[in-house]
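Here's a quick tour of the model you have open. Keep the viewer handy and follow along.

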Amino acid sequence: MSIKMPKGKFIATVTVGDKGQIVIPKGARDLFEILPGDTLVLMADKKRGIAIVPSAPYLDLAQTVFA
C-alpha cells in the first residue's frame, strides 16, 4: 500500500517474505533510480531503525579510508 506524498518523498508498507526478503516498492525505486543489479548498503541501528542507501558513496569512502 502506498500513500500520496509530496514530491521527493515516499512512504509505503512492505511485507517480509518467508525468506526474510522485502520488495522495494516501484515508487521508491523510481525516486532513487534503483535499477535491477544495483548494489545497496543496508545499515541497521537498534534504536534508529534500518536505512537502505546506494552503495557508491560508501564504497568510495571505504576505498579512501583503506587506501
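What follows is a short briefing, grouped by topic.

This is a predicted model, in which local features need pLDDT of at least 70, side-chain atom pairs count only at pLDDT 80 or more, and totals for chains, interfaces and linings use all residues. Residues are numbered from 1 along each chain as its sequence is written, and side-chain values use heavy atoms, with hydrogens and water left out.

**Confidence**
- The chain averages a pLDDT of 87, pLDDT being the predictor's confidence in each residue, from 0 to 100.
- At least 70 is the score reached by 96% of the residues.
- Confidence is highest in α1, at 92, and lowest in helix α2 (residues 56-66), at a mean of 78.
- Helices (H or I, at least four residues) and strands (E, at least two) are DSSP runs, numbered from the N terminus.

**The pocket**
- The largest pocket has a volume of about 580 Å³.
- A pocket here is an open set of points on a 1 Å grid over the protein atoms alone, where a 1.4 Å probe fits, with protein on both sides within 12 Å along at least five of seven lines.
- Grid points are joined across faces, edges and corners, and the volume is the space filled by probe spheres set on the points.
- Its lining takes in 18 residues, and Ile22, Ile24, Pro25, Ala28 and Ile52 lie nearest the centre; to count as lining, a residue needs an atom within 4 Å of a point.
- Both β1 (40-45) and β2 (49-54) supply at least two lining residues each, and β2 gives the most, with five.

**A nonpolar patch**
- Val14, Val16, Ile22, Leu42, Ile50 and Ile52 make a nonpolar surface patch of about 560 Å².
- Patch residues have over 30% relative accessible area and no salt bridge, with nonpolar side chains (Val, Leu, Ile, Met, Phe, Trp, Tyr) joined within 5 Å and like charges within 9 Å.
- The areas come from the Shrake-Rupley method with a 1.4 Å probe, and for residues only the protein chains shown count as cover.
- Ile22 sits in the segment before α1 (26-31), and counts as partly exposed because its relative accessibility is 41%.
- For reference, buried means under 20% relative accessible area, exposed over 50%, and partly exposed in between (1.4 Å probe, protein chains only).

**The salt bridge**
- There is one salt bridge by the rule used, which asks for a side-chain nitrogen of Lys or Arg within 4 Å of a carboxyl oxygen of Asp or Glu.
- The partners are Lys26 and Asp30, with their closest N and O atoms 2.7 Å apart.
- Both lie in helix α1, four residues apart, about one turn of the helix.
- Asp30 has a relative accessible area of 47%, so it's partly exposed.

**Between α1 and β1**
- Glu33 is in the loop between α1 and β1, and its phi is near 55 degrees, a positive value in a residue other than glycine.
- Most residues other than glycine have a negative phi.
- Glu33 is exposed because its relative accessible area is 65%.
- Pro36 is in the loop between α1 and β1, and with a relative accessible area of 82% it counts as exposed.

**Distances along and across the chain**
- Ile11, in the segment before α1, is 16 residues from Gly27 in sequence and 8.7 Å from it in space, C-alpha to C-alpha.
- Leu61 lies in helix α2, and its C-alpha is 24 Å from that of Lys46, 15 residues apart along the chain.
- Thr64 lies in helix α2, and 31 Å separates its C-alpha from that of Gln21, 43 residues apart along the chain.
- Leu61 is exposed at 52% relative accessible area, and Thr64 is exposed at 58%.
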